[in-house]
Amino acid sequence: MSTNIRKVSRFGSFHIAEARIRNMAKWSGIILFAAVVNPALYLVSIGIGVGSLVDANNGVNGVSYLTFLAPALLASAAIQGSSDEVIFPVMDGFKWNRTFFGMRSTPITARQISLGVFLAAMFRTVVSVVIYWIVLYFFGALESGTAWLAMPAALLAGAAMGAVMLALAAKIENENFFFTLVGRFVMIPMFLFSGTFYPLTQMPIFLQFFGWISPLWHATELGRYLTYDYPLSGLQLSIHICVLASMIVIGLFLSARIFHKRLEK
Amino acid sequence: MTSNAVALSERRLGKFGDKYFAGRPQQVLLRNWLSFKSSAWIAVVSGFLEPVLYLLSFGYGIGELVGNISTPGGDISYAAYIAPGLLATSAMNGAMLDSTWNVFFKLNESRLYKAMLATSLGPLDVALGEIAWALMRGGLYATAFTIIIAGLGLVTSWWAILAIPAAIIVAFGFASFGMAITSFMKSHHQMNFFEIFLLPMFLFSGAFYPLTVFPGWAQAIIKALPLRQAIELVTRAMNGEFGINILVNFTYFLVMICVGLFFTTKRLNALFMK
Amino acid sequence: MTEMLIQARGLTKTYGDFVAVDGIDFDVAKGESFGFLGPNGAGKSTTMRIIGATSVRTSGTLTILGKDPEVNGPQIRAHLGVVPQQDNLDNELTVSENIFIYGRYFGLSSSFINKKIPELLEFAQLEEKKDTKVEALSGGMKRRLTIARSLVSEPDILMLDEPTTGLDPQARHILWDRLFRLKEQGVTLLITTHYMDEAEQLCDRLIVMDRGKIMAEDSPAQLIKTYSTKEVLEVRFGSDRNQEMVEVLRPLADRIEVLPDRILLYATDGEQLLEQITAKGIHPNTSLVRRSSLEDVFLRLTGRSLVE
């Protein structure tokens, strides 16, 4: 009977992730549908609709507006997907159905639960990002040969946001209005003020600060560098990557601590 | 021990809809006010932020890329161009949030309506009270937004004040319609229907660009959608364009309001008189 | 003759093919405490909803204070205080706000309600919690608040659907005490329950329901007298041997019921019966003599126990 304990203690997170992914599979139809339709809608509406106005004027960065927008929308989809897939299971696990407390009564540790939820969210994010990228490709929004690297760049943003959200969602004990407030004070401002729709430098300097702390901006800069002829120095490149990577590390570290505190007290 | 409550309820006997309506929707409003005062205010107050953020980001950021937009009334800035559409969209979003998710919750999770209808209130009191609350909220948002765009110098005439009643009519239409559809919903998953419908409508109703970028057949479909009607109603009201066109927009919402209210009352009655 | 507040004749409610309430007749007199006893799904709650004018009957007649709930729903609801099976308090509001707004739903004036609130808080023993959000209350407190809230309109009839289900024993006794006080004040109580002790404690008269039908109607004491013996001897032989002992024991008792874990022997004198059994060299693992209860009445009437 005791043979499996060692196995569990090493792979606990994967068991949790597996359970989450099996749960997602029930909604795979809707998830895949949204993954295809969502980007297509944004590309037609903003890319072509607003793009027609921008391109008729002076354009931006010397490329079509669609090309300019594509890496930002890709990273934004990764962020949205990973946040959703982190927040709901955490609320469910700690409060609605208290499933985490059930998991905790097995040999799986609190840390493994937090990492497992994160891994499952990343799985969903990979799927969304790949599909989004394919849609972008067919819209002709990707110009350079390194454009496929925009996928890992977007994933990095998704992972950074997912890790931070995991810690935040776990920290919240009273979820009244949490979703509304996260949407209004985090997701929408980030979407709108991260250089998504126009270069960050176009904003007054005090607003550019939002970009600097936003995973979306860092990933968008990387994505633009990778999908078209957008210049970034080696230093800029490494700063963007370092910021995103440190968000992942700090987010996961804090999540593990908070999960531990809430589940093992 | 004939109580006060009995005398009060008997006063309405023989009057309009005495089986469904106690003439007290204001008590439902009062309940929402009490809840707002203690906790819900942050969610309500922050709701007005969204269109303002869009206005600042799109209006000024994309505006710089786009330049001025030529309209029948002359060239205007991009921010001024999108302001009415954002107002109409936020009126829609606010009303939909109040009348769909919130109503779904009170109907199925907290059983609040069940408690209300165990008293001498009727379903029409509940429906009217909830919709009135959504409208007050919508009216507040519209007023704040109008003041902000006026402060930013984006309005050209006093007609802009009409944006407020126009936004309230829009909110009324969406609230009563949304509530009617919600009363048919059985699970959370079905509630996602609203998002599947609202997002494309938001993206394609031409809040951010002229509809002429689309082929004729697509324009015709979009023009039939409620959000496009809402944007036209608000834009025309703010520009003081009073003709047959605005009358069509207005009638569209009048129909939405009446059909929505009719089905909401009917359904609430059926739900609670099982 | 006493005044009848509620009169039902042939009351029937069907949902599609399912008959929830099957042509029942009953009368409830003013000031009476009237119970519906039966297992889950017997049709008690449906009957309550029809009386509460929040469900429309399929057929039969029903008169409440001389009015028909189908015609005068709001007017009838103005006479009633409703305590549903699941509390539906307003979680976003405080204890006293809950009472206040509920009174406003009836159209009562603020000054009238504000005078009632201290009195109702005292009744519910919630004075110290008056400014607490409902969310933070215990199950028993919520239940008492739901009852206090339903009293704000000074109802003629108080309807309680499973009032103590889910409460711990102490909370139940507090609640019973509160309901007794209401009874003393002359409020007509309508109670559904599947707890026989609750029915015995609270009801002057009750109907035993099963599968939508009335099986019996009387006072608790009279029901026991009619449908059971004075005492019951419960014996256990271990799950394997219970069956084989039945035939041996059957001739000794007035009546015998076999439950999965024990055998019930009905007799006027339980101790004497036990002596008879042991004299025959039969030694149960455990034995217990007790007075007959409504549980036994239900078992007799339906062949099933109340809580399954």
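**From an interface to a sheet**

Reply: Let's start where chain A meets chain B: 24 residues of chain A are in contact with 23 residues of chain B, contact being C-beta atoms, placed from the backbone, within 7 Å. On the chain A side, helix H2 (28–56) and helix H7 (178–192) each give two or more residues, and H2(A) gives the most, with 9 residues. The chain A side divides into 16 nonpolar, 7 polar and 1 charged (Ala, Val, Leu, Ile, Met, Phe, Trp, Tyr, Cys and Pro count as nonpolar, Asp, Glu, Lys and Arg as charged, and the others, Gly among them, as polar).

Please keep in mind that this is a predicted model, where local features need pLDDT of at least 70, side-chain atom pairs count only at pLDDT 80 or more, and totals for chains, interfaces and linings use all residues. Residues are numbered from 1 along each chain as its sequence is written, while chains are lettered from A and ligands numbered from 1 in the order in which they are written.

Now for the sheet in chain C. Its 4 strands form an open, antiparallel sheet in the order E11-E12-E10-E13; helices (H or I, at least four residues) and strands (E, at least two) are DSSP runs, numbered from the N terminus, and strands pair if DSSP finds at least two bridges between them. Strands E11 (255–258) and E13 (286–291) of chain C are at the edges with a single partner strand each, so one side of each has no neighbour in the sheet. E11(C) pairs with E12 (residues 263–267) of chain C over 4 bridges; there, C:Glu257 has C:Leu264 as its bridge partner.

Conventions. Two residues are in contact if their C-beta atoms, placed from the backbone, lie within 7 Å.
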